Amino acid sequence: MAIAEYLVTDDLTVLLGLISVSVFLLQNLYKPQPLVHPILLGRQSEAGRVRNPGESAVYRNYGTGLMGRFPLRPDKDVHLISDFLKADFESPRTLWSTKITNAQLKERAAAVGAGLAQLLPGNSSVLLVLNDGIEFLIADLALSASSITSITLTSPVLLSRVLEAHPPSAIITDASFLPHVLELIYDEHESHPKIIVVGQPDGNVHPKAVAEVEILGWADIEANGAKAARTAPVTAQNPSNPSTLAYYESASGQLQGVALSPENFTAGVTAIRALFPPSSGLSSLDTLVSAHSLSTPFGRAVAYTALYDGTSFATLPSTKLFHVTEARKNDVADIISATTLPIPTPTVAFLKPGHVQALTSDIISRAKSSWFYPLAWRHKFAGLTEGFVTKDSLWDRTVFDGARAKVIGELASTLKTVIVSGGPLELPTLTPIRIALSVPVINIHTHTAASGPLFATQALDLQILPSDGSALAHVGAPSVNVEAKLVGVQDSTVEAGGDPVGEVLVRGPPVGVPLGEEEKEDRWVKTGETGRVLTNGAFRMLS
Amino acid sequence: MPLSLDLGTPVNTALLIYILYSVQKIIFPPAPDLSTVPRTVPTEFKHGYSWMPKSHPPTVLFRTYTPRTLEPFNGLDGGRILLAINGVVFDVTAGRNFYGPDGMYGNFAGRDASRGMAKQSFDVEMLTPVDQPLDKLEDLKPDEIENMKGWIDHFSNKYIICGKLVENDAV
């Protein structure tokens, strides 16, 4: 029969049959498992059931839920800023270039606090015009433990306006910025604040100003305070009293201030610790680097997280706000300079979009010199479409590890999480970033009015979503202790099933109280930014 | 019997082609298209990792009702069922068994049920006609007011607050 002739099988058929079965199984079972189940990424925030006309519903993180209470503190005993320094943690860690233990840090803060108390009356305010360093942290710890309010600025151009709006009793500044500060004060002709200088001022300080203005050295304050600190009484602190004011410029150019209390900072630290995937939380073996200045509430919350978890910490040189030289750009050299400090190699980096994009383009251009690059890219991309990425794959070992090591050196092998904030990330750059870094990259949105992140993506979210008009990546759902709503929304669009678009308002424990709104009953704070809610509950910032 | 290596047999050729094709798919996964941002994504998580739900979760618009505009929401046409207690309008469509036309408390659907809730009665006398001004509830005793507040709490937990009730001519 003709058919039987064609279907003749022999030993080779058996062999080929076995091979084809194993190839079939390999192809179907080799698909990598997504790092987070996609069903969770379709419902990232929980929306309220009712909305007011012209507004959207109130959105909360899906993990917190509409009925859940906001997490307020990382541990039940952490109420004040000084509680971030755990008493039972005794090993030293390096902060910038100083190796110090918690106990020593507390002592130094107490000494500075006592020194300042000798100089200034209670309920006064001190303006911190300092660049990031251990002195800033010690001054901040000292001031938060006393009844003196600290004032910080997010930009040096606000200095003259803040001196007018809220004249402080003292100013702590860097030696290099001293002439600029003196110039501004001298112009004021009002009662001059005392000036405390960190570092050695060089000789050419305006002589007239020196006669009128009292200039003291930081080291003297600390030394005087150390003698008095032992006998100083400890004042009871109320965590909900504002301990610091942060001034920033709103979108319309107006000077805006926000008052933050220790409660806001404990909530902010809780939110930052909740960003990390459960498998890679922070511990004392980590090292944090941050591109956010301590003068911003978020930058300070990152520093407090480092203090609380006992990690080493440093900020990048681009955080220098108060300087007379040109500003540092956000690029790879900035990141590498963090490794020149005596801290252990960083494991977690809080960077700005400029850093991440520069890093990605450098790594990709180095990787292109390898022969296997096109194949490696295809394999990595196939993994991404399944929701999986890892730093230990074959393609990393052959192509990308070498490229990363050439660009950032030792950092390539220790970096385990990157958190991006401070600006929008573009959608087309997401895939190259994820492939080049191959670690969880968390996109968050911060605002000066809040100490923690307002919105944060899921740590292991690797979705590639369409752009629907704006080419910016979404910033995820509201953070674990923030609720958000949009106002100025078109009701007709929303009733027809479209995405609500409007100004974002936020409320929650990490959000401070804007100055001038202390008497308001509802605590909704306008961020001044336009946002859009996607169907999966993620927010996309449009401005 | 020696192994016959005759690849001319169709079965062997077919298997060989299948193996070569699958191996090629494994070693060279599909290349991404030039624009790595897709136009559309699936609306079910089973159809792909990058997916988006088709629509937002439903939300109810908070509206101001008068007795006349509240009255049609009595479930007779199969639509939403609303009822008001002390000026707060609740969407009780989920409790159609109780508040629907055939339910035990169907009298309250689309009406101001404050007096009935306070006095714990479902009689028609507890309702004021829609043309008249709202029931001021002045003659209620303190324990009846407490009872009504208890019902408001129960309703707030169980159903959605979707509006407020004002006088007929206030709008």
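Predicted model: local features only at pLDDT ≥ 70, side-chain atom pairs only at ≥ 80, totals over all residues.
Residues are numbered from 1 along each chain as its sequence is written, chains are lettered from A in the order in which they are written, and side-chain values use heavy atoms, without hydrogens or water.

Select residues 82-85 of chain B, strand E3, and residues 88-91 of chain B, strand E4; strands are DSSP runs of E with at least two residues, numbered from the N terminus. The two pair in the antiparallel sense over four bridges, pairing requiring at least two DSSP bridges. Within this pair, B:Ala84 has B:Val89 as its bridge partner. Two residues lie between the strands of the hairpin, where B:Asn86 takes a positive phi near 55°.

Now select A:Val21, A:Phe24, A:Leu25, A:Leu29 and B:Tyr18, which form a nonpolar surface patch of about 480 Å². Patch members have over 30% relative accessible area and no salt bridge, and nonpolar side chains are joined within 5 Å; areas come from the Shrake-Rupley method with a 1.4 Å probe. Helix H2 (residues 11-29) of chain A supplies the largest share, four residues.

Finally, centre on A:Phe24 in helix H2 of chain A. Its C-alpha atom is separated by 31 Å from that of A:Pro432, 408 residues apart along the chain.

Technical notes. Patch = residues over 30% accessible without salt bridge, like charges linked within 9 Å, V, L, I, M, F, W, Y side chains within 5 Å. Salt bridge = Lys/Arg side-chain N within 4 Å of Asp/Glu carboxyl O.
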